[in-house]
Amino acid sequence: MTLTLIKGTFQIVGASPDGDSVRFYPTDVDAFLKAGLRVRLNSRGGAQLRLEGIDALETHYQSQAPGGGMWHQHPRLAREAADALLRQLGFKTVEREEDGTVTSAKPESVPGHILTRFADKYGRPVAFAFRGSRGRAKDGSQVHLDAKGVADSANYEVLEAGHAFPTFYSLLYLDLRQALADAATAARKENLGIWEHDVTTAGFRLSSRKQLQEEVVLLPKLFRRLVDYLALDESGGVSLANFTRYLDTRNDRLFTTPEGQATELATLVEVKRQQLRLTVDPERIVFLEG
């Protein structure tokens, strides 16, 4: 897979990095423009990355439903994922406010680079993140990334340690997807991190909104859909009576591997009264880019 190399620094003070997203400042302020990427930058030239192939527990998710408010997942595990990513990128100590905003970090700036080839609809570069400068490779050059090379990325390391779920989209090449899937399945076999508590395919009984945020460890993609559905109920209820119908409206198109069956997320979610589960392992799902 050939991607564009962009060198820069990771900086987190004033931001709220989680386990699959972090702020990156390119050395060349026009780097994304030169690469033909429509990236949204802050006033200091920083971009919020979306790390390819991983989805960590939500530390702060704004419901898409009007007035739906801010939600989160299992606080301890979500924070562990965020802290693990920052350690892997080279931050030694990080202090945060209660809401997750970083107030200080040592070092304040960490040299690194990303490999990317497109931005998502929110203007975030979809990227593999790495420590250091990548030797003599020229900033802005085209770099081939294979399964061996991806193992040096923070993306892979997060999955390998069991701090995030594998979540794949169709533009990710097969060999890289398989390498990431293998890292995740190995972590699951060892019950590392989130996998010791995960109920995504085993299923769980939804009893309260507090339970969903404080106790349940669930694939974040499914958590977000569930939150957006529940937020439509102004009474604060948790009935799943119409959840599958709601999923039908989201048009989450995908295919499953190895069958290559094209379908939608609604067909892979089983709801029986208040019991909910995903019927296939997350690494077998490949979503189509929206």
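Arg-50 touches Asp-20, Asp-120, Arg-124, Pro-125, Val-126, Ala-127, Tyr-169 and Glu-289, when residues up to four places away in sequence are not counted, contact here meaning heavy atoms within 4.5 Å. Arg-50 is found in strand E4; helices (H or I, at least four residues) and strands (E, at least two) are DSSP runs, numbered from the N terminus. At 15% relative accessibility, Arg-50 counts as buried, a word that means under 20% relative accessible area, while exposed means over 50% and partly exposed in between (1.4 Å probe, protein chains only).

This is a predicted model, in which local features need pLDDT of at least 70 and side-chain atom pairs count only at pLDDT 80 or more, whereas totals for chains, interfaces and linings use all residues. Residues are numbered from 1 along each chain as its sequence is written, and side-chain values use heavy atoms, with hydrogens and water left out.

The largest pocket has a volume of about 1,100 Å³. Of the 37 residues that line this pocket, the closest to its centre are Arg-50, Tyr-122, Arg-124, Tyr-169 and Arg-224. A pocket is found on a 1 Å grid over the protein atoms alone, as an open set of points where a 1.4 Å probe fits, with protein on both sides within 12 Å along at least five of seven lines, and its lining residues have an atom within 4 Å of a point. Grid points are joined across faces, edges and corners, and a volume is the space filled by probe spheres set on the points.

The elements that give two or more residues to the lining of the largest pocket are strand E4 (50-51), strand E5 (54-55), strand E6 (61-62), strand E10 (109-119) and helix H7 (220-230), and the largest share, 3 residues, comes from H7. This helix is mostly covered, with 11 of its 11 residues buried; among them are Phe-223, Arg-224, Arg-225 and Asp-228.

The second largest pocket holds about 240 Å³ of space. It is lined by 15 residues, of which Thr-59, His-72, Arg-79, Glu-98 and Asp-99 lie nearest its centre, and the largest share of this lining, 4 residues, comes from helix H2 (residues 75-89).

**Nonpolar cores**

The largest nonpolar core has 48 residues, and those with the most contacts inside it are Phe-10, Ile-114 and Phe-128. H5 gives the most to this core, with 6 residues. Apart from it lies another core, of 39 residues, among them Phe-165, Phe-204, Leu-212 and Val-216. A nonpolar core is a set of buried Ala, Val, Leu, Ile, Met, Phe, Trp, Tyr and Cys residues joined through side-chain atoms within 4.5 Å.

**Residues in loops**

Arg-40 is found in the loop between helix H1 (31-34) and strand E3 (47-48), and with a relative accessible area of 55% it is exposed. Leaving aside its neighbours within four places in sequence, Arg-40 is in contact with Gly-46, Ala-47, Lys-121, Tyr-122 and Gly-123.

Val-238 lies in the loop between H7 and helix H8 (243-250) and, at 14% relative accessibility, counts as buried. Not counting residues up to four places away in sequence, Val-238 touches Leu-206, Ser-207, Ser-208, Arg-209, Leu-230 and Gln-274. The C-alpha atoms of Val-238 and Leu-206 are separated by 7.1 Å, although these residues are 32 residues apart along the chain.

**Backbone details**

The peptide bond from Lys-106 to Pro-107 is cis, with omega near -10 degrees, and Pro-107 lies in the loop between E9 and E10. The peptide bond from Thr-257 to Pro-258 is cis, with omega near 0 degrees, and Pro-258 lies in the loop between strand E16 (253-256) and strand E17 (261-264).

Arg-134, although not a glycine, has a positive phi of about 65 degrees; it is placed in the loop between E11 and strand E12 (142-144) and is partly exposed, with a relative accessible area of 28%. Asn-191, not a glycine, has a positive phi of about 55 degrees, is found in the loop between H5 and strand E15 (204-205), and is partly exposed, with a relative accessible area of 45%.
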